[in-house]
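Trainee: Could we go through this one together? I'd like to start with how its elements are named.

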Amino acid sequence: MTWAGTLLHIHVAPSASVEMEELAEARLIPGRGIEGDRYLLGTGTYSQKPDIREVTLIEMEVLEALAQGEPKIPGLKAVVDPADHRRNLTTRGVPLGHLVGRRFRVGETVLRGGRMNFPCPYLEELLGVPGLYEGLLNRSGLNCAIEAGGVIRRGDPILPLAD
Amino acid sequence: MVPRLIMKLDVAEVRHEPGDVLLATLTHPRRPLLPAATAGAHVDVHLGDGRVRHYSLWGDPADRSAYRIAVKREAEGRGGSRRLHELLVPGASLMVSAPRNHFALPETGGPVRLLAGGIGITPLLAMAQVLAAGGRAFHLHVFARRRATAPLIEEARRRLGPGRVSAHLDDEPDTRVALPALLAAPEPGAVLACCGPAGFMAAVRDAAAHWPEEALLFEAFQPLADESFVPEPFEIVLASGRRLAVPADRSALDVLREAGVAPPASCETGVCGSCLCGYRDGTPIHRDVVLSPRARRGRFAPCVSRAVGTLHLDL
């Protein structure tokens, strides 16, 4: 697969429901998560439900599609700021839907796609955007494991790796 | 319970008010508009040491640029307001939840009497501003011991205009009014909203005993004081059928927590409504001050309320 993407934003939150905070750079700890983030600290909404959730990613293209709106399915038109979707990394030019089970590079680190993220009514209620749950179905991003840790920075290239 | 965003807000402005009250204006460093509040709503303020306190928003709910809270320093309290008086410094930041409302006025109806005792003026001032903007008839009555210690009266007059605020002050005899006389004749469809210390609200309740129950709205910010209550053991049955024994010296919330099924809790004194859950069957002994008589038919506050025999919870 040939593609080349970019890391646009890095966000973490110290615990469930606390607003995300933007970082210029962050340290990824292999097998655990992002320093300062709830899923490394075990204080996330879903921390008690073990799964691959060390880092979560979403495509900027999805947020742009939501902002543009799709009148037929299901009529949602909403501006979701990168600080509000509660995924850690916002990407551009990365085909997240194709990366389940695949390894890829973010700056100096290596991630492995775990499973597609599934949107939660929790987010819809937290942000007060009715219909956001349906609006994110099938494009809610990718939950990843960290294979090789290190520091990631805003603007880092995101590149495929041969398996 | 609906989850609420917890935001790190800036303390933009702090002002002193009579009665050892600090007025704080809280703004978001990034968002020009805060999550919307309805009149009567409160926010949870996180004190940074694990404690959380609730403060009513007294600003105009139409103004979403800031949350305005009033914090009375309670020298004899549990220490939350004393700590908050230290934390409320311009330029500081504070973790604050999005608002929630247990004290909402019905949107339709007749004229509204707003009865405030002391610092209890806060949610009523928010209501008054909405009523004024909507052209609905209302009057705000503020009861306090002395003018020198009564917060927000001038602010209310400034925001609401002349003829809409009456201050009834113990130390100014010509301003005093007897509650039974004030509440003697409710207009058709009239609504009474009241917030203040427990003794004040009990007096209002007595004076409004002839009003229809659905016309009365009370907000307590102090837990129920009832020293004669003797807790008895009871039993909880969860939706799964699991049975839990609640001993006399422990709260239902405690027991639910130990079983790993507790709802999120905050004040643990029956005031805030965070831990409310539904019940399907049984005879609860309600000891909270947040549920209305109607809501008590199906809801239960496990932090303070108990039951006779067996209570089936929707958990």
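Mentor: Helices here are DSSP runs of H or I with at least four residues, strands are runs of E with at least two, and both are numbered from the N terminus. By that rule Thr122(B) lies in helix 2 of chain B, and please keep in mind that this is a predicted model.

Trainee: Okay, is Thr122(B) buried or exposed?

Mentor: Thr122(B) has a relative accessible area of 6%, so it falls under the 20% limit and counts as buried. Leaving aside neighbours within four places in sequence, Thr122(B) is in contact with Ser56(B), Leu57(B), Trp58(B), Ala70(B) and Leu152(B).

Trainee: And how many residues of helix 2 of chain B are buried?

Mentor: Of its 14 residues, 10 are buried, so helix 2 of chain B is largely enclosed by the rest of the structure. Among them are Ile121(B), Pro123(B), Leu124(B), Met127(B) and Leu131(B).

Trainee: What span does helix 2 of chain B reach, first C-alpha to last?

Mentor: Helix 2 of chain B, residues 121-134, reaches 20 Å, which is close to the 20 Å expected at 1.5 Å a residue. The helix is followed by Gly135(B), whose phi is positive, near 75 degrees.

Trainee: Changing topic: how many residues of chain A are in contact with chain B?

Mentor: There are 12 residues of chain A in contact with 11 residues of chain B. The two chains bury about 890 Å² between them, with 52% of that on carbon and sulfur atoms. Glu19(A), Glu125(A) and Leu126(A) together supply 51% of the area that chain A buries against chain B, more than any other three residues.

Trainee: How many salt bridges does the rule find across that interface?

Mentor: Across the interface of chain A and chain B the rule finds four salt bridges, and there are six residue pairs in polar contact, counting those where both residues are at pLDDT 80 or more. On the side of chain A that touches chain B, the residues divide into six nonpolar, one polar and five charged.

Trainee: Which residue of chain B does Glu19(A) pair with?

Mentor: One partner is Arg31(B), where the closest N and O atoms are 2.7 Å apart. Glu19(A) also meets Arg30(B) in a salt bridge, at 3.4 Å from N to O. Glu19(A) sits in the loop between strand 1 and strand 2 of chain A, and Arg30(B) in the loop between strand 2 and strand 3 of chain B, so this pair joins two chains. Glu19(A) is buried at 9% relative accessible area, whereas Arg30(B) is partly exposed at 40%.

Trainee: Which residues are linked with Glu19(A) in a network of salt bridges?

Mentor: The network links Glu19(A) with Asp81(A), Asp84(A), Arg30(B) and Arg31(B).

Trainee: What about a salt bridge inside one chain, where does Arg154(A) come in?

Mentor: Arg154(A) forms a salt bridge with Glu22(A), the closest N and O atoms being 3.2 Å apart. That pair links distant parts of the chain, 132 residues apart, with Arg154(A) in the loop between strand 10 and strand 11 of chain A and Glu22(A) in strand 2 of chain A. Arg154(A) is partly exposed at 43% relative accessibility, and Glu22(A) is partly exposed at 34%.

Trainee: Last one: where is Ile236(B)?

Mentor: Ile236(B) is in strand 12 of chain B, residues 234-237, and at 0% relative accessibility it counts as buried. Leaving aside neighbours within four places in sequence, its contacts include Arg242(B), Leu244(B), Val246(B), Leu256(B) and Leu313(B).

Conventions
Residues numbered from 1 in each chain as written. Chains lettered and ligands numbered in written order. Predicted model: local features only at pLDDT ≥ 70, side-chain atom pairs only at ≥ 80, totals over all residues. Heavy atoms only, no water. Contact = heavy atoms within 4.5 Å. Buried area = accessible area lost by both parts, 1.4 Å probe. Salt bridge = Lys/Arg side-chain N within 4 Å of Asp/Glu carboxyl O. Polar contact = N/O pair within 3.5 Å; in protein donor to acceptor, adjacent residues only side chain to side chain. Nonpolar A, V, L, I, M, F, W, Y, C, P; charged D, E, K, R; others polar. Expected span 1.5 Å × (residues − 1). Buried < 20%, exposed > 50% of the residue type's maximum accessible area, 1.4 Å probe, protein only.
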